[in-house]
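This briefing goes through a predicted model, topic by topic. Please keep the sequence and the 3D view at hand while reading.

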Amino acid sequence: MIAILVVLSAGILLGLLIVKKPKLHLFNNHLLNWAIYLLLFLLGISVGTNREVIQNIGKIGYEAIAIGIFSIAGSVLLSAILFKFLFKQDEK
Amino acid sequence: MRSSLIIFSFFVAGVLVGLSGKLPSGYDFDKFGSYALYLLMFLAGISIGSNKNSWKVLATHNYKIIWVPLTIILGTLTGSALVALVIPTLTLLESLAVGAGFGYYSLSSVFITQLHSHSLGVVALLSNIFREVATLLATPIMVRYFGNLAGIASGGATAMDTTLPVISHYSGKEYAIIAVFSGIVLTILVPFLVTFILTV
């Protein structure tokens with residue numbers, strides 16, 4: 001947790017140094033895309049190699065997806081109300 | 001949508017590689033994953049820092065941003081509570097505990113395994129992975145219909161790291177700071193909330 005925040009802050013500081021270098025922004029976005037791909041691939045490997053997850057995938061998956069969907073729906077719907085009343089007016 | 005499909009195919013490829021059992025032994029893939037996460041955070045940081053608009057948000061939204069994580073907590077727990085009504089095999093507290101992971105699957109699944117049971121720990125792992133993957137895939141659509149906070153709400157704790165690039169891409173870079181703030185608040189709360197729910 002602390003380590004992640006340190007790494008993020010280091011990135012932001014480095015970013016501040018290249019505010020006026022648009023070519024580097026583009027290069028950074030490419031790297032960012034590939035980092036996302038790598039992370040999702042590794043996440044897949046963790047799921048695929050976890051025996052307990054794979055064997056009980058039916059019941060466990062059903063409960064997991066239900067809680068996932070309802071958690072997302074609840075927070076997204078409430079956030080839409082918050083957005084409408086507090087944030088939308090600040091958009092240009 | 002194209003980028004979401006590419007992202008998802010990398011995830012599926014990973015699952016297939018994992019299932020194949022043909023991985024070289026001796027590698028710690030979870031450790032590898034956390035290094036990849038650091039790389040991702042660093043690159044996302046550069047992207048935030050190099051954009052002038054990123055800093056505008058604190059000036060324009062100021063006190064308002066505290067409402068973002070509070071809204072996400074309320075919405076998530078309300079949604080999770082409804083699941084316990086629909087699925088009889090889950091109790092209210094079990095369902096709330098899984099929801100209170102806010103997408104932070106590694107920590108919440110470990111906590112729930114320790115405090116409750118192994119099977120609920122796996123439910124928490126899958127449910128919160130689902131939350132992260134669904135956020136990566138659906139943020140473009142959710143932002144269009146539910147406004148610029150939708151990706152941040154859906155991502156929960158992951159809005160500060162893994163889902164941050166997608167959120168900042170579709171909601172605008174000025175929302176990246178809100179995403180990080182909300183993600184940090186939720187991440188810090190996960191161990192406290194999960195413990196509280198399972199020990200009351």
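W34(A), Y37(A) and F10(B) form one aromatic cluster. In this predicted model, local features need pLDDT of at least 70, side-chain atom pairs count only at pLDDT 80 or more, and totals for chains, interfaces and linings use all residues. Residues are numbered from 1 along each chain as its sequence is written, chains are lettered from A and ligands numbered from 1 in the order in which they are written, and side-chain values use heavy atoms, with hydrogens and water left out.

**Aromatic pairs**

- Over all chains, a search of the whole structure finds three aromatic pairs. Rings of Phe, Tyr and Trp (its six-membered ring) pair if their centres lie within 6.5 Å; planes under 30 degrees apart count as stacked, over 60 as edge-to-face and the rest as tilted.
- One of the pairs is W34(A) with Y37(A), which is edge-to-face, at 5.1 Å centre to centre and 85 degrees between the planes.
- W34(A) and Y37(A) are three residues apart in helix α2 (residues 22-49) of chain A, so about one helical turn separates them. Helices (H or I, at least four residues) and strands (E, at least two) are DSSP runs, numbered from the N terminus.
- W34(A) is exposed, with a relative accessible area of 55%, whereas Y37(A) is buried at 9%. Buried means under 20% relative accessible area, exposed over 50%, and partly exposed in between (1.4 Å probe, protein chains only).
- Y37(A) also pairs with F10(B); this pair is stacked, with 4.6 Å centre to centre and 0 degrees between the planes.
- Y37(A) lies in helix α2 of chain A and F10(B) in helix α1 (residues 2-20) of chain B, so the pair joins two chains.
- F10(B) counts as partly exposed, because its relative accessibility is 25%.

**Chain A as a whole**

- Chain A has four helices and zero strands, in the order α-α-α-α along the sequence.
- The radius of gyration of chain A is 20 Å, well over the 12 Å that the globule rule gives for 92 residues, so chain A is more spread out than a compact globule. The radius is taken over C-alpha atoms, and the globule rule is 2.2 Å times the number of residues to the power 0.38.
- Along the principal axes, the C-alpha atoms of chain A fill a box of roughly 50 × 40 × 25 Å.
- Of the 92 residues in chain A, 41% count as buried.
- Chain A exposes about 5,400 Å², and carbon and sulfur atoms supply 72% of that area. Accessible areas come from the Shrake-Rupley method with a 1.4 Å probe; for residues, only the protein chains shown count as cover.
- Chain A carries 8 positive and 4 negative side chains, with the centres of the two sets 15 Å apart. Lys and Arg count as positive and Asp and Glu as negative, while His and the chain ends are not counted; the place of a charge is NZ of Lys, CZ of Arg, CG of Asp or CD of Glu.

**Chain B as a whole**

- Chain B has 10 helices and zero strands.
- Buried residues make up 57% of the 200 residues in chain B.
- The accessible surface of chain B comes to about 8,500 Å², and 71% of it belongs to carbon and sulfur atoms.
- Among contacts in chain B between residues at least 6 apart in sequence, 67% join residues at least 24 apart. Contact means heavy atoms within 4.5 Å.

- F8(B) lies in helix α1 of chain B and is partly exposed, with a relative accessible area of 34%.
- F8(B) and L137(B) are 129 residues apart in sequence and 7.5 Å apart in space, C-alpha to C-alpha. Leaving aside neighbours within four places in sequence, F8(B) is in contact with V133(B) and L137(B).
- I141(B), in helix α7 (residues 118-146) of chain B, is partly exposed at 42% relative accessible area. From I141(B) to Y170(B) the C-alpha to C-alpha distance is 9.3 Å, across 29 residues in sequence.
- S182(B) sits in helix α10 (residues 176-199) of chain B and counts as buried, because its relative accessibility is 0%. Not counting residues up to four places away in sequence, S182(B) touches V68(B), P69(B), I72(B) and I152(B).
- F102(B) is placed in the loop between α5 (92-99) and α6 (105-115) of chain B and is buried, with a relative accessible area of 0%.
- Phi of F102(B) is near 50 degrees, a positive value in a residue other than glycine. Most residues other than glycine have a negative phi.
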